[in-house]
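Please read them with the structure open beside the text.

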Amino acid sequence: MTLLALGINHRTASVAVREQVAFTPTQLECALAQLRGLPQISEAAVLSTCNRTELYCVTDAAGEQAVLDWLGRFHNLRVEDLARCAYHYLDNDAARHLMRVAVGLDSMVLGEPQILGQLKEAYQQARQANGLGGELERLFQHTFAVAKQVRTETGIGKNPVSVAYAAVSMASRIFDDFSRARALLIGAGETIELVARHLHEAGVRQLTVANRTRERAEQVSAPLGGSAITLSEIPDALECADIVISSTASPLPILGKGMVERALKKRRHRPVFMVDIAVPRDIEPEVGELADVFLYTVDDLEEVIEENRRHRKVAADQAESLIEHGVGSWQHERRIRRGGEMIRDYRCHGEAIRDKSREQALERLAKGEDPVKVIERLAHQLANRLMHQPTLALRDAASQENHELLSAAPYLLLPPKPAFEQPKPLVKRQKDDTPA
């Protein structure tokens, strides 16, 4: 079985493609069940964020194509189109990729901490859906341990910068005085909480949070002295908003061109700064065509993020080194586990031969046969049965000139020779015609 990581992210696909491949929270349970149900897949987990959709699977040799085909079917997309922007990693490379994702080295914002929480949530969802077996369970646990070590031993987590921070940084380039700006935040998840905190720290005091439930919006806005509204109240709040930042899990846009156009007329065309962090998008792309709107998506934040990337390069190099060590230790443990499985299978095979020979010997003793002859026969049968399969394998290796197997055979099959041991003369065995 092979460990597979397959997906798309902000480097390989535009936001228009990513929003088509993203899984909504309501789709995840069904998606995990379908993915786990593929005959090529024995374990599966799904990570879906605004910047990436990734599938982690334990699969057979044909699994990669099967997973890609399934992803296309699930989202009604052409597999050829997906293949052009998808990437895949196998075994050690897949483990390395997962660790880099967990630490934030593969994020748009280098070292951003939110991805680790999202990955832990994906892990829990996969566990609840019975998608995890021993291989992925151990990999995720090892990954979380490596991520903790990186956060503890490097500076990659200092002065945390996220997409939320990048959005606020971009807004600061437009507004000289945040204290006079009024902000409308749509959604009440972790990203919007960070946006609200960053805006408050930057000086914004007039803050409104809109959410499906007013109670959750109040939990985000109240500690910062803001107000809370429901999604149905957005048109009225939009008339007063200078900054609009949206991040929800809605499958359909929340702000349409018509709604924004009506709000601009009541604002007498005072400009509005908008950032759509959501995937799928919360704000219709056509809103960006309006003359008084400055609309940005997560893809447009790359400039701000690149500046942050340079500041964190040294910490990232340290993190890469720790990840390589983490991959090495995971690989070592995996080899030991696989060796243990082979040892268990080999011992079970030997014990089965032993039990069968013993039963036959006891039957002969019960019939009154000579005990000495029974023991001699038992020893002979055991030796023949234990050596039968290795003998066939060695003959086959010799005929095919499989030098690698022939070189390993003495180490596996023969006891080590003492130094300066003199070879013993061969003693011809008498043929035993008794059937085994």
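This is a predicted model: local features need pLDDT of at least 70, side-chain atom pairs count only at pLDDT 80 or more; totals for chains, interfaces and linings use all residues.

1. The length of helix 3 (residues 63-75) is consistent with its residue count: at 1.5 Å a residue, its 13 residues should span 18 Å, and because the C-alpha atoms at its ends are 18 Å apart, the two values agree.

2. The buried residues of helix 3 are Gly 63, Ala 66, Val 67, Leu 68, Trp 70, Leu 71, Gly 72, Phe 74 and His 75, and their cover includes strand 1 (2-9), strand 2 (41-48) and strand 3 (52-59), together with helix 1 (15-21), helix 2 (25-37) and helix 4 (79-85).

3. The sheet is open and has four strands in the order 2-3-1-4, paired in the antiparallel sense. Its edges are strand 2 and strand 4 (87-90), each of which pairs on one side only, and from one strand to the next the twist averages 15°.

4. Within this sheet, strand 2 and strand 3 are joined by seven bridges in antiparallel pairing, and Ile 41 has Thr 59 in strand 3 as its bridge partner. Helix 3 packs on the sheet, where it touches strand 1, strand 2, strand 3 and strand 4, and its direction makes about 35° with that of strand 1.

Conventions:
Residues are numbered from 1 along each chain as its sequence is written. Side-chain values use heavy atoms; hydrogens and water are left out. Helices (H or I, at least four residues) and strands (E, at least two) are DSSP runs, numbered from the N terminus. The expected span of a helix is 1.5 Å times one less than its number of residues. Buried means under 20% relative accessible area, exposed over 50%, partly exposed in between (1.4 Å probe, protein chains only). Contact means heavy atoms within 4.5 Å. Two strands pair if DSSP finds at least two bridges between them. Axes are lines fitted to C-alpha atoms, for helices over the stretch in contact, and angles run from 0 to 180 degrees between N-to-C directions.
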